[in-house]
Amino acid sequence: MARVTVRTVDEAAQPPEAAPPPPLLSIARIAMIVRIITLISLIFSISLLCSNSTTITLNNSTFLFNLNDVYAYKYALSTAVTASSYTIYRLRYSVKQLKSGTFHVTNPKNLFYEFLGDKVVVIIVATGVGAAFAATVELKSKVHELEDAVEVYLDTTLFASNVPKFDYFFNKAYLPNIFLLIALFTVGISSLLSSLALMNKTT
């Protein structure tokens with residue numbers, strides 16, 4: 001004889017368990033958090049790249065030297081601005097996605113565009129990070145080489161007083177580079193998440 005299971009009154013009164021969120025929606029929620037971290041890192045990098053400066057004194061003349069006077073830092077700044085613009089653009093869609101629960105996660109075309117966009121931004125930010133760190137290391141060494149050359153060939157220590165300023169200046173230049181590097185890691189995570197979202201939709 002078949003056994004019949006009867007639910008008690010308490011069991012019947014309990015609401016049914018909520019279904020787990022769809023995989024694409026879970027990925028979208030993580031992606032939004034990662035993009036927020038990316039944007040914050042890029043904003044810090046941009047502000048520090050624009051504000052870092054030092055003064056140089058030669059023959060009683062004072063000159064203001066900014067990071068933006070170096071083309072490598074200008075390029076790093078442009079990559080940070082480009083990446084932040086893209087991140088803001090994608091964040092708008094992530095917010096709509098989470099509010100509606102569907103939005104463009106159901107459209108493979110939009111997922112493909114996000115997939116391509118993330119890959120391009122990773123490459124752009126990576127080149128900016130490389131340019132900024134390479135410029136910092138190279139220019140720090142060149143300043144000391146210039147000090148030695150001036151002392152040997154011109155027999156003067158006039159430039160020596162500027163060397164500590166340059167050392168401090170380029171040490172500060174590592175800060176925006178580090179924030180740009182953090183942004184590179186988080187953009188890489190976003191790129192991975194967009195790849196997973198596309199795979200989940202197309203498989």
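Helices here are DSSP runs of H or I with at least four residues, numbered from the N terminus. This is a predicted model, so to speak of local features we need pLDDT of at least 70, and side-chain atom pairs count only at pLDDT 80 or more, while totals for chains, interfaces and linings use all residues. Residues are numbered from 1 along each chain as its sequence is written, and side-chain values use heavy atoms, with hydrogens and water left out.View 1. Let's start with Ile 182, which sits in helix H5. Together with Ile 33, Ile 37, Leu 175 and Ile 178, Ile 182 makes a nonpolar patch on the surface, with about 400 Å² of accessible area in total. To join such a patch, residues need over 30% relative accessible area and no salt bridge, with nonpolar side chains (Val, Leu, Ile, Met, Phe, Trp, Tyr) linked within 5 Å. A salt bridge is a Lys or Arg side-chain nitrogen within 4 Å of an Asp or Glu carboxyl oxygen, and the areas come from the Shrake-Rupley method with a 1.4 Å probe. H2 and H5 each supply at least two residues of the patch, and H5 gives the largest share, 3 residues.

View 1. Tyr 73 belongs to helix H3, residues 71-100. Its relative accessibility is 0%, which is why Tyr 73 counts as buried. Beyond its neighbours within four places in sequence, Tyr 73 is in contact (heavy atoms within 4.5 Å) with several residues, including Leu 49, Ala 132, Phe 170 and Ala 173. Tyr 73 and Ala 173 are 100 residues apart in sequence, but their C-alphas are 9.3 Å apart in space.

**View 2. The largest nonpolar core.** A nonpolar core is a set of buried Ala, Val, Leu, Ile, Met, Phe, Trp, Tyr and Cys residues joined through side-chain atoms within 4.5 Å. The largest one here has 27 residues, and Tyr 73, Val 125, Phe 170 and Leu 180 have the most contacts inside it. Helices H2 (23-51), H3, H4 (108-153) and H5 (163-202) each give this core two or more residues. H5 provides the largest share, 9 residues.

**View 3. Ser 191 and Lys 119.** Ser 191 is also found in helix H5, and with 7% relative accessible area, Ser 191 is buried. The side chains of Ser 191 and Lys 119 make a polar contact at 2.7 Å; that term means a pair of N or O atoms within 3.5 Å, where within protein one must be able to donate a hydrogen and the other to accept it, and residues adjacent in sequence count only if both atoms are side-chain atoms.

Conventions. Buried < 20%, exposed > 50% of the residue type's maximum accessible area, 1.4 Å probe, protein only. Patch = residues over 30% accessible without salt bridge, like charges linked within 9 Å, V, L, I, M, F, W, Y side chains within 5 Å.
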